[in-house]
Amino acid sequence: MAETAISHDHDASHGAHSSTGLSNNKLGMWMFLGSECLLFGGLISTYMLYKGRVNSGPQPNKIFDIPFTSVSSFVLLMSSLTMVLAVSAAQRKDERNMNLWLIITALLGATFVGGQVYEFTSFYREGLGFTTSLFGSSFYTLTGFHGVHVSVGIIMLMALVGMNRNNRIPGDRAEVVELIGLYWHFVDIVWIVIFTLVYLIPS
Amino acid sequence: MTIIERPTTEVAVAGGAPSGVKPSEALGVFKRPAASTSWRDWIVTVDHKKLGIMYGVSAFFFFLIGGVEALLIRLQLIAPNGKVLNADQYNQMFTMHATTMVFLFVMPMAAAFANYFVPLQIGARDVAFPRINAFGFWCFLFGGLFLNSSWFLGGGADGGWFMYAPNSSTLFSPSHGIDFWTVGLQITGIASLTGAINLIVTILNMRTKGMKMMRMPIFTWMVLVTQFLLLFAIPVITVALFLLTFQRSFGATFFDVASGADPLLWQHLFWIFGHPEVYIMILPSFGIVSEVIPVFSKKPLFGYPIVAMSGAAIGFVGWGVWAHHMFASGLGPVSVAVFSMSTMAIAVPTGVKIVNWVMTMWGGKLTFTIPMMFAIALIVQFTIGGLSGVTHAVAPADTQQTDTYYIVAHFHYVLFGGAVFGLFSGFYYWWPKMFRRQLNNAIGKWNFWLMVIGMNLTFGPMHILGLQGQPRRMQVWTEARAGEGFFNLGFWNRIASIGSFTLGTGVLLFLVNVVYTHKSKKVAIAPLDPWDARSLEWMTQSPPQEHNFDVLPTVSHLDEFFHRKYETDSSTHGVTQVRSAEEVMAELNAHPDEHIHMPSRSYWPILLASSLPVIGYGVIYNRTLMAVGAGLILLTMFGWAMEPSTSPDDDFDPPAPGEGGGHTKELSPLG
Amino acid sequence: MSTATEHVEHTDGHEAEHHGLSDKQYIYVALILAALTAIEVSTYYIDFGPFFMPTLFILMTVKFVTVVSYFMHLKFDNKLFTYLFYSGLILAICVYCGFLATFKFFLQKG
């Protein structure tokens, strides 16, 4: 959805004004993010409710590998920095740096997702499957949704780099980069919450 | 399909505009579709008015399906030990009836009006994201068809429209009905979410000059509130539906008590969405009657800012009352007390609105046209439903009423007597704007009275049935337990069933009216301003040309159109008409805007939306198909992203000055 | 198209022109965030006693708000964006805390 939201630039008001002086796309993106708060809120609440309910399989505090997750959290946090540098390069019309930072952001994101895949497989080996317990189901659902969001972000970043190379980005390039940046940072702040509530606070 | 065929102006526009619209081959995979008058244009259109009409036609189609389901239910209950449906079919019938009416009729019908009239009411040429608008419509349609395809693939959902655990588990509902339900609603949810973002941005950002927030028509205000509710409520049901899908298709146990889960989790998530949802259904209708009542009372709306703000207040407080649906579930005394009080509080802003409508009519010059009659019926019927709603807010009384027909009576009074009557008021009020013909008055009266009498006969007795203890969702009642005398269940059940067929006849008369209006040679073309209306959507031709306004008006008043037609006499404080609607139009369109860019047609919205049901069938039947669907989504998204929203050679210019505002000229014989 | 958007940005005035920080300042912000994360992680190794939960919650909030305000430019951007986003966020917090409260979630923890 985010993809469609950002790639779309309205033209109906062409030559007309915009009542608030703000860009339609950016307003739309912020609203989408506001709405996503309710989505992740629901998933986090479900996890909070169910994290202690372990009929079989490992307990949360037994299975989490805090040092490992700390590193991948750090990676995602730093990808926010590279993203904001890409946005700032785009606003300066510094295309070379923009591309560079976008690619680095995507790579950091991919590292995070790779870490998550590794984490999931090792949890699975230790006996925590999707259906093992309510803790397992809600944990995989929450972090899985987050992982999907990161992956969608990576696809958007790569698409952005590719389309930029062929000069196929419709509309204002700096704005498109900024919008994808907003999405990316949002995914990062969701992880800030998940990292604390899920990993650091034991059940 | 007379409903969706737009009369002659379509030709005029097709002759004027699309000469500039050429498929641009340089960008995108497909040739860009060009404008045409054939049915294909409806598939690729991004015009908010065409999409509004398509929303309307599809929603009405689902309304008829839901209506047939309702009639089957009433047929089953007309006599003791009904044999029309077996228990399983009965479960599917009431589940799908409610789901269809809520998600596939009332919501999209409100979206139809919002799509068509919000841009016109705020003086915009289209919505903020026209392609996303088209995408939303196709998601709704495909989601609805997907949901209903379950009838042919093993039966519909059968867990009741709020799908409580454990009935929603595969153990109690082994057919695929509920899987179709979860995925189908997920797809229509995408429609609602994208529509919400689209309309909010449109209202915030695309108002014409001088159209301040507090000058917007109340309908637009109510749509704004509704869309904010959708924006924040849809993700909650999305979570709930995902959890249920994971439970049914992937072996999770989110709602399975045996595995230590709490079934109340579903109830909470559902009603956190579900209660804002009831305001999502009613507020657009409130908006419609707030337009209709002032027009036919010849008075401005009483307390405009209060009506707007009470709508916002309803939207806000609507988030804090969800657990009143769960008083009987053992929430604990503190929760029950808190939610009981907040529920009583929400009656206040609703009551404020009713007072405002009545005060608008007070002392006005009332004309009882069909839209006005429906609007007044809404006030009366909704008040009855609202009062029985207050009795639910009292938790001890509610424990008596829970899951009886009393509840059914209550929500049909507010939803049918409220939301649906409002929508019908809108049909009659705006029909001449959309199709240039007025619906027949005589048939309209029959339509109205049969619906009002039918609805009271159907749902009125349900209060008695409910208080006598007839539970909802029971497929039979028996003579032995029917009771005696005035409170005999059999008597009232028969009345309700007869009422439902009266109601059905009333609805059919509406269709008759539509066909008559568009087929009969006798029906004259409606005048430009048949109701002496007050708001901006009447300040353009009927139906509006693709770009809505030749000149975007500059607004200086609430009820701008009225103020251009009338002037206040300062000595007598009376108003006198100084200009006719045609004169207002001619004045406005003296110098038509040039180089109007309208968004170009596109294949991508329908293509992207059509890949969603593929994933849906994949979830239910085959994981490979899921991957195919995901691939399709990715591909179509790339196609979409690469296509500029306006092809460069798409430009509309008004006819040369010599031909002088072709539109106004064309209109003059109508006046 | 680009003309329309540019036009919009210009009418938005100075705010839009210079919003955000310089690249160097972004790096400082990131360093602060990294340091906060380090403190968070340290709660896993060091016993914070009664300060354990408050520390984590405060740090989480600070990090969250920092990213939103600086990386997402909310601090420098039009207030409408702030209202839209925070109304969603605050609504989510209120509704879901109410939801967990009905399960006596906060009482269990003591």
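Predicted model: local features only at pLDDT ≥ 70, side-chain atom pairs only at ≥ 80, totals over all residues.
**Entry 1: chain A, fold**

I began with secondary structure. Chain A has 7 helices and 0 strands. Read from the N terminus, the order is α-α-α-α-α-α-α. I then took the extent of the C-alpha trace. Along the principal axes of chain A it spans about 65 × 35 × 25 Å.

Next I asked what share of chain A contacts joins residues at least 24 apart. Taking contacts between residues at least 6 apart in sequence, I noted 78%.

**Entry 2: chain A, surface and charge**

I looked up burial next. Chain A has 203 residues, and 69% of them count as buried. The cut-off for that word is under 20% relative accessible area. The accessible surface of chain A is about 6,100 Å². Carbon and sulfur atoms hold 60% of that surface.

Then I turned to charge. I counted 11 positive and 13 negative charges in chain A. How far apart are their mean positions? The answer is 5 Å.

**Entry 3: chain C against chain A**

Chains C and A bury about 4,600 Å² between them. Of this area, 78% is on carbon and sulfur atoms.

How many salt bridges link chain C and chain A? I found 2. One of them I wrote down in detail. It pairs the side chains of A:Lys26 and C:Asp77, with an N to O distance of 2.6 Å. The cut-off for a salt bridge is 4 Å, so this pair falls within it.

**Entry 4: chain B against chain A**

Which three residues of chain B supply more of its buried area than any other three? I noted B:Asn205, B:Phe254 and B:Ala641, which supply 13% of the area that chain B buries against chain A. For salt bridges between chain B and chain A, the count is 0.

**Entry 5: chain B, cis peptide bonds**

I then checked omega in chain B. The bond from B:Ala165 to B:Pro166 is cis, with omega near 0 degrees. B:Pro166 sits in the loop between helix H5 (130-149) and helix H6 (177-205). I also noted a cis bond between B:Ser542 and B:Pro543, where omega is about -15 degrees. The loop that holds B:Pro543 runs between helix H15 (489-519) and helix H16 (560-565).

**Entry 6: chain B, positive phi**

B:Met163 is not a glycine, yet its phi is positive, at about 50 degrees. B:Met163 belongs to the loop between H5 and H6 of chain B. Is B:Met163 buried or exposed? I found a relative accessible area of 0%, so B:Met163 is buried.

B:Lys298 is not a glycine either, and its phi is positive at about 55 degrees. I placed B:Lys298 in the loop between helix H8 (264-297) and helix H9 (304-317). With a relative accessible area of 42%, B:Lys298 is partly exposed.

Definitions and conventions. Residues numbered from 1 in each chain as written. Chains lettered and ligands numbered in written order. Heavy atoms only, no water. Helix = DSSP H or I, 4+ residues; strand = E, 2+ residues; numbered from the N terminus. Buried < 20%, exposed > 50% of the residue type's maximum accessible area, 1.4 Å probe, protein only. Contact = heavy atoms within 4.5 Å. Areas by Shrake-Rupley, 256 points an atom, 1.4 Å probe, with all protein chains shown as cover. Lys, Arg positive; Asp, Glu negative; His and termini not counted. Charge placed at Lys NZ, Arg CZ, Asp CG, Glu CD. Buried area = accessible area lost by both parts, 1.4 Å probe.
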